[in-house]
Each structure stands twice: as C-alpha cells, then as structure tokens.
Amino acid sequence: MMVEPFPDLAQYKSVFLVKPSSLGDIVHTLPAARFLKKAHPELLIRWVCNPEWMPLLEGNPDISEIIPFPRSQFGRISTFPKLFGWARSLHTSTREKPEIALDFQGLLRSALICQVRGVKPIVGLSDAREGATFFYKHVVDVDPKAHAVDRYLTLVSALGIPTPAEDISFTLPIGTAPANAPKEGKFLVLHPYSRGDGKSLTTEAIQALCDCLAPHPVVLAGKYANPAQIHGNHVTSLINQTTLEELIWLLRHSHACVSVDSGPMHMAAALQARTLAIHTWSNPRQVGPYNPNARVWKGRRIAPRLDFSEEEGEADQAVAIRDIRRISDFILGEWY
C-alpha cells in the first residue's frame with residue numbers, strides 16, 4: 001500500500017496548533033512551535049489554549065494568535081448553546097489559507113476542535129486517545145513511553161524539519177515580580193504540592209527541608225487548598241498568593257528550585273538547570289524534567305532522569321523524613 005507523504009509546510013500560510021492544556025504539556029510543546037517558526041518564518045501559528053494557561057504564550061514571538069478554548073464553560077448540557085456559539089466563531093474567524101492543523105493534544109475534543117475549524121489536513125500523533133486518530137489525515141508514529149517533548153518533536157520532524165537537541169529551547173515570558181518577593185539573597189523556590197495523588201510532600205517533610213536549608217532564603221510557592229504553616233525566619237510562603245506570571249518570575253529569578261512532579265516543575269526545568277524534581281510514583285524517564293542538567297530524586301537516589309532504569313522509574317517510593325537530609329545535602333553541596 002502506498003503511504004501518502006507528510007505535508008510540506010512550505011505550501012501553507014498558517015498553522016492551527018491545538019494544545020489547550022495542561023500547564024506542563026504546553027511548556028513541552030514550546031520547542032515544537034519554535035522549530036516550526038524557525039524553519040518557516042512566514043507561517044502564522046495560531047495556538048488553541050485554555051484561558052488559564054494563556055499567560056504562558058503571551059508575547060511569544062513564534063505565535064501570531066492565541067485562541068482561547070474556555071473548556072470550563074462547556075461542562076453541562078445547558079452550556080451547549082455557548083459551545084455552539086464558540087464553535088461557530090472558530091469556524092468563521094479570519095485565517096490565512098491554506099491552513100494545516102497540528103493536534104498535539106491527541107484527544108477526541110482536540111480532534112473535534114480541528115474539525116469545527118474546518119481545516120485540512122489534520123496531523124496528529126499515533127498515541128492519541130478517544131478515537132482522535134479517526135479524524136487525522138496523517139498520523140505520526142511515536143513511542144508512547146517517550147518524553148512528551150520528544151513525542152511532539154517527532155511530529156515536527158515528520159514534517160521535514162530538523163530538531164537537533166542542542167537547539168531545543170523553551171520560550172517563556174519574563175514574568176512579573178510579586179509584591180512580596182524576596183528583595184535580596186539567593187532564594188530557593190520550594191514547590192511542595194501537586195494535584196496528583198501521592199505526589200505532594202507532607203507538612204513534616206516541608207518543615208524538615210526548610211530547616212535543613214536555613215539560613216538560605218526559601219520561598220514556598222504553588223497552590224493548595226490547605227497549605228501547611230511552615231516556620232522559620234528564612235521562609236516566605238507565597239502559597240496561593242501568586243499569579244502564573246508571578247510564579248514564572250519567581251522561578252526565573254530563583255537560585256534553585258525543588259518541586260514535586262507538577263506543571264511548575266516543568267516550568268522551572270525550562271527556565272534554569274538548578275532544578276530538583278521529586279518523583280514518588282511517576283516515572284521520571286517519561287514525565288521528569290526535560291532539562292538534561294536538572295536532577296531527579298526517586299527511590300532515595302538523585303540523578304539525571306535518564307540515569308534511572310525503567311524498573312527504577314516504575315517504582316513507588318514516598319519521601320520519608322530521613323530522605324530530607326539527603327536532598328538538602330545535595331542542594332547545599334552542589335548549588336550553594
């Protein structure tokens with residue numbers, strides 16, 4: 001059977017890029033957008049994104065337009081009229097033709113967004129779920145166990161664009177300084193909470209890590225329903241007090257970052273090398289910090305993510321209080 005070649009982007013004027021969520025996945029798609037624009041500067045890239053993550057893309061010179069996808073407004077049957085209104089505006093909105101759709105999300109809703117847009121062809125990944133590949137004209141074969149950055153760049157490579165590792169970059173905003181950000185000192189950002197079950201640090205572990213790092217300034221950041229009260233004159237808690245732009249600023253200006261497996265961890269790894277990601281049950285080979293200079297704590301060992309075997313990556317190991325000294329010794333010995 002003859003295999004139809006992948007499209008030549010030189011034949012298109014615009015790209016309809018679908019990646020509405022989540023925070024970490026949007027960060028992981030930034031290198032793909034950079035390579036697309038670098039190879040074809042004339043292409044206009046329009047990115048479909050959930051409103052809460054749009055600050056990640058604002059001001060990005062690779063992106064011509066950010067199209068909001070207000071998914072949170074479409075959850076109930078009563079909201080269908082609003083959904084149809086959004087779909088109609090998406091279909092009738094101005095665009096430069098011919099346009100090509102790249103579905104990096106790989107879900108039924110993202111494939112339907114491409115259909116509603118009325119753009120052809122649609123290119124997606126082989127590990128897409130919920131029947132999304134049924135809507136694709138071209139399916140890029142990817143390793144489902146590969147890191148998201150590598151899977152997304154495989155799509156870019158399939159379109160004939162080189163993606164050398166040394167040119168991979170993450171274009172993130174400058175950010176905005178929080179009003180109560182540390183004014184001086186080499187502060188460390190500790191991001192201890194995650195939405196994923198079993199990923200967050202316990203209150204005892206957070207306090208112990210802060211105690212071990214004294215007197216170096218520590219800024220607690222992130223969001224959590226019931227954050228712990230952590231004591232110490234060197235500790236500043238900004239939990240639930242920063243916007244996404246302010247969190248970006250903190251990570252960009254921090255001396256180092258320690259984070260549980262979460263979206264902000266991926267932002268930290270994109271912004272600086274002194275990032276330590278704490279993985280309990282998640283596999284760092286697949287979802288760890290992409291930055292090769294970042295480090296991972298997993299199973300009482302600290303190393304680059306690819307130094308862990310698949311067996312180690314699949315293990316489930318909570319952070320015990322006795323592990324905190326090992327983590328703080330690494331931070332103080334390597335980064336201060």
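Me: Is strand E2 largely enclosed or largely open, and how many of its six residues are buried?
Reply: Keep in mind that this is a predicted model. Strand E2 covers residues 44-49. It's largely enclosed by the rest of the structure, because the buried residues in it number five of the six.

Me: How many bridges join E1 to E2, and which residue in E2 is the bridge partner of Ser14?
Reply: E1 takes in residues 14-18, and E1 and E2 run parallel. The two strands are joined by five bridges. For Ser14, the bridge partner in E2 is Leu44.

Me: What kind of unit do E1, helix H1 and E2 make?
Reply: Helix H1 spans residues 23-39. We've already got E1 and E2 running parallel.

Me: What about E3: in which sense does it pair with E2, and which residue in E3 is the bridge partner of Val48?
Reply: E3 is the strand at residues 65-68, and it pairs with E2 over four bridges. The sense of that pairing is parallel. Val48 has its bridge partner in E3, and that residue is Ile67.

Me: On to the helices: at what angle do the axes of H6 and H7 cross, and are they parallel or oblique?
Reply: H6 is residues 244-253 and H7 is residues 263-271, and their axes come within 9 Å. The axes cross at roughly 45 degrees. That angle makes H6, relative to H7, oblique.

Me: Is that crossing left-handed or right-handed, and which residues in H7 meet H6?
Reply: The crossing of H6 and H7 is right-handed. From H6, the residues involved are Leu244, Leu247, Ile248, Leu251 and Arg252. On the H7 side they meet Pro264, Met267, Ala268 and Leu271.

Me: Is Ser259 buried or exposed, and which residues does it touch?
Reply: Ser259 sits in strand E10, residues 256-260. Its relative accessibility is 1%, so Ser259 counts as buried, given that the cut-off is under 20%. Leaving out residues up to four places away in sequence, Ser259 touches His191, Met265, Leu276, Ala277 and Ile278.

Me: And Leu112: how exposed is it, and how far apart in space are Leu112 and Leu276?
Reply: Leu112 lies in helix H3, residues 108-117. With a relative accessible area of 37%, Leu112 is partly exposed. Leu112 and Leu276 are 164 residues apart in sequence, and in space, C-alpha to C-alpha, they are apart by 38 Å.

Notes:
Residues are numbered from 1 along each chain as its sequence is written. This is a predicted model: local features need pLDDT of at least 70, side-chain atom pairs count only at pLDDT 80 or more; totals for chains, interfaces and linings use all residues. Side-chain values use heavy atoms; hydrogens and water are left out. Buried means under 20% relative accessible area, exposed over 50%, partly exposed in between (1.4 Å probe, protein chains only). Two strands pair if DSSP finds at least two bridges between them. A crossover is right-handed if, with the strands pointing away from the viewer, the path from the first strand over the helix to the second runs clockwise. Axes are lines fitted to C-alpha atoms, for helices over the stretch in contact, and angles run from 0 to 180 degrees between N-to-C directions. Angles under 35 degrees count as roughly parallel, over 145 as roughly antiparallel, 65 to 115 as roughly perpendicular and the rest as oblique. A crossing is left-handed if the near helix is turned anticlockwise from the far one by less than a right angle, and right-handed if clockwise. Contact means heavy atoms within 4.5 Å.
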